[in-house]
Every structure is written in C-alpha cells, then in structure tokens.
Amino acid sequence: LLDEPTAALGVRETAHAADLIRSLRERGAAVICISHDMSFVFEIADRVHVMRLGRTAGVRRVVETDRNEVVGLITGAISND
C-alpha cells in the first residue's frame, strides 16, 4: 500500500518507483497506490478506484477510461454508474 509515493520525488525517482511497481505486479503482487498524479496513475495502474467524500465515486479499468472521466468522478461532474 503506497500513499502518494511520488509526491516528493523528481522525474528520475518517479520513473524508478513506476519500474518497481511494475516489477511487483509482474511477480503477481497486488499494489494499491493512492495518488493524485494522473500521469503516474495512468502509467502504472490496471484499475482506478475514485473516492469522493468518503464514498466510492467509481471504479474503472485504465484501458476503458480516460483522464477526463476520472476527473469527472473526482469532482462529481460524472456520477457512478
């Protein structure tokens, strides 16, 4: 479980963190990453689980969504289906 793992990292360190997460995933490990960094999320995630006001706003597979939809879920412009 990683909470904002790239918040204090530079570009090189962020790339290294992404490599480590991908390596864990390839070995079959589950990795939960809490992040507001949409670029990082879309680079490493299989699924996005959006929380809004303490509740699930939506869960999407990364290959079936885009940043606009995720931002809409975050802001409440799109409701959970």
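A residue is called exposed when its relative accessible area is over 50% and buried when that area is under 20%. The views below show a predicted model.

**View 1. Helix H1 and its length.** After H1 comes Gly 28, whose phi is positive, near 90 degrees.

View 2. Thr 14, Ala 17, Ala 18 and Ile 21 are the buried residues of H1. Viewed down the helix axis, these buried residues fall within an arc of 100 degrees, so they line one face of H1. An α-helix has 3.6 residues a turn, so residues three or four places apart point the same way. The buried residues of H1 pack against strand E1 (2–3) and helix H2 (38–44). On the other side of H1, Arg 12 and Glu 26 are exposed.

**View 3. Thr 65 in its loop.** Thr 65 is placed in the loop between strand E4 (55–61) and helix H3 (67–75). Its relative accessible area is 14%, which is under 20%, so Thr 65 counts as buried. Leaving aside residues up to four places away in sequence, Thr 65 touches Phe 42, Arg 60 and Val 70.

**View 4. Ala 77 after helix H3.** Ala 77 belongs to the segment after H3. With a relative accessible area of 68%, which is over 50%, Ala 77 is exposed. Ala 77 and Val 50 are 27 residues apart along the chain, and their C-alpha atoms are separated by 13 Å.

Terms used
Residues numbered from 1 in each chain as written. Predicted model: local features only at pLDDT ≥ 70, side-chain atom pairs only at ≥ 80, totals over all residues. Heavy atoms only, no water. Buried < 20%, exposed > 50% of the residue type's maximum accessible area, 1.4 Å probe, protein only. Helix = DSSP H or I, 4+ residues; strand = E, 2+ residues; numbered from the N terminus. Arc of directions from axis to C-beta. Contact = heavy atoms within 4.5 Å.
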